[in-house]
Amino acid sequence: MGTYDTIAAISTAIGEAGISIVRMSGEEALKIADEVFRAKNKKTLKESKNRKFVYGHIYEDGQIIDEVLAVKMLGPHSYSGEDIVEIHCHGGIVAVRRILKALLKRGARLAERGEFTKRAFLNGRIDLTQAEAVIDLIKSKTESAFDISMDQLKGSISREIKKIEDEVVGMQALIVANIDFPEDEIKDATYKELKTRCDSIIEKMKFLLENSQKAKLLRDGINTVILGKPNVGKSSLLNGMLKYDRAIVTDIPGTTRDIIEDYIDLDGLLLKITDTAGIRETKDKVEKIGVEIAKDKIKDADLVITLFDISKDFNDDDYKIINLIKNKKSIIIMNKDDLEEKVTDEDIKKLIGNRDFLKLSVIDPKKIKLIEDKIREMFFAGDIVQKDQIYIDNIRHINALTKALSSMEETKKDLENEIFLDLIEVNLEEVISKFSEITGLITTEEVLDRVFSEFCIGK
Ligand SMILES: Nc1nc2c(ncn2[C@@H]2O[C@H](COP(=O)(O)OP(=O)(O)OP(=O)(O)O)[C@@H](O)[C@H]2O)c(=O)[nH]1
Ligand SMILES: [Mg+2]
């Protein structure tokens, strides 16, 4: 265990709440806490039992500043691997700030983002993939994303990587065993065996990378943009999907001028949904900017829901819109089918060709379900998260795994060309070093800074 200074931070979200928690970690945590905490039973925290709440008060300048419960968790069996003291005080912003200030005054240092978790890593309690899972867990917006992070926190990634690494080490062992037996027969058999093993490893790595895309969609959400000319019912659709009136809806074309973003959880499938300003040629300065932003949003969209109003004749604006989604995954909706239809089947065919479409009314909640079913069907057939699978979705892990895969593919070519075994061994060493980057066995200060800067303060 390393020795580091003592850090303190407010670990709960700032705002009105029942309780708030101030947390301290480090060698001096108990000493500092005992300078401000007076237990009702007169014992110091040092004397009190490990992991047992103690009732008392925090004092500053002889005055009670709050009534609290304090608990110590001695290292190495604590979250950070060091001595931790948590002070559970009244919620709100005043009590926590006062307590934090009192601790800082006595020598604790304000923790940086993720520093408690960073210490857990530095003290060897968790590896880097597990530390990253902690932040992903906090940021999860759906149950599936949470389940994936929970699995990763339990070490699923490192275990999977370790399994593949063992196979690579097995190849190295085979090389070392045969490098000094250059008889032709043994040589041929060795290359053959190495090639078989190499293929199997490549297959496993590819499978992990393919799954990663699915996990990334689950985690970050499907970037969904609602598109159409003014007044076709875009904001009505957004409100219908969110099931509350998030956007203003009026019969005046050009109502939405800015983009409106929100999240929808479709049984574990996360949609990041964006309502946009209706696309049309306009002289209005504000609306014009909105239209440009809308066009820009389409570029990054995973899915575009495009609306047309069939209670009016199509015009040039509709044709422009169909042009914008030429190469995009999209759902086309012929909206307002509760009103008298002004367009014919031919008009529709002329506009969208042979593309699929749904004809409905977005102000009917039952019809919203049809759209949601369509989205689900487009993105996932069957279960979204399969319990027994490993999902690697962290960009850092994906990059390292991709590099490891390309070294492995290089190895495959070298084996086919029967190049010297000791050179192949060098390739394999490269693969293993990429694996060590993932788990944090080999890491740099820069990587750690990047990983932990994603965290909130107090975690
Ligand atoms: N009858 C009927 N009216 C609808 C339907 N969908 C939307 N509307 C009405 O059409 C008008 C425009 O709806 P919005 O949802 O504001 O349309 P929008 O596409 O967001 O319009 P902009 O923000 O101006 O681009 C409102 O009066 C809605 O009540 C529908 O399916 N049937
Ligand atoms: Mg609108």
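Helices (H or I, at least four residues) and strands (E, at least two) are DSSP runs, numbered from the N terminus. The structure is a predicted model, in which local features need pLDDT of at least 70 and side-chain atom pairs count only at pLDDT 80 or more, while totals for chains, interfaces and linings use all residues. Residues are numbered from 1 along each chain as its sequence is written, chains are lettered from A and ligands numbered from 1 in the order in which they are written, and side-chain values use heavy atoms, with hydrogens and water left out.

**The magnesium ion**

Ser235, through OG, and Thr256, through OG1, coordinate the magnesium ion (ligand 2) at 2.0 to 2.1 Å. Ser235 belongs to helix α8 (residues 234–242) and Thr256 to the loop between α8 and β9 (260–266), so the pair ties together parts that are 21 residues apart in sequence. Donors here are N, O and S atoms within 2.8 Å of the metal (3.2 Å for Na, K and Ca); water is not among the atoms, so sites may look incomplete. Both Ser235 and Thr256 are buried, a term for under 20% relative accessible area, with exposed meaning over 50% and partly exposed in between (1.4 Å probe, protein chains only).

**Ligand 1**

Ligand 1 is surrounded by 23 residues, and the closest are Lys234, Ser236, Gly254, Thr255 and Ser361; a residue counts if one of its heavy atoms lies within 4 Å. Helix α8 gives the most to this shell, with three residues. The table lists backbone atoms that lie close to oxygen atoms of ligand 1.

| Residue | Distance from a polar backbone atom to an oxygen atom of ligand 1 |
|---|---|
| Asn231 | 2.9 Å |
| Gly254 | 2.7 Å |

**Backbone features in loops**

Most residues other than glycine have a negative phi, and most peptide bonds are trans. Arg51, which is not a glycine, has a positive phi of about 60°. Arg51 is found in the loop between β3 (37–39) and β4 (54–60) and is partly exposed, at a relative accessible area of 48%. Lys243 also has a positive phi, near 65°. Lys243 lies in the loop between α8 and β9 and, at 63% relative accessibility, counts as exposed.

Gly75 and Pro76 are joined by a cis peptide bond, with omega about 0°. Pro76 is located in the loop between β5 (63–73) and β6 (84–90).

Terms used
Polar contact = N/O pair within 3.5 Å; in protein donor to acceptor, adjacent residues only side chain to side chain.
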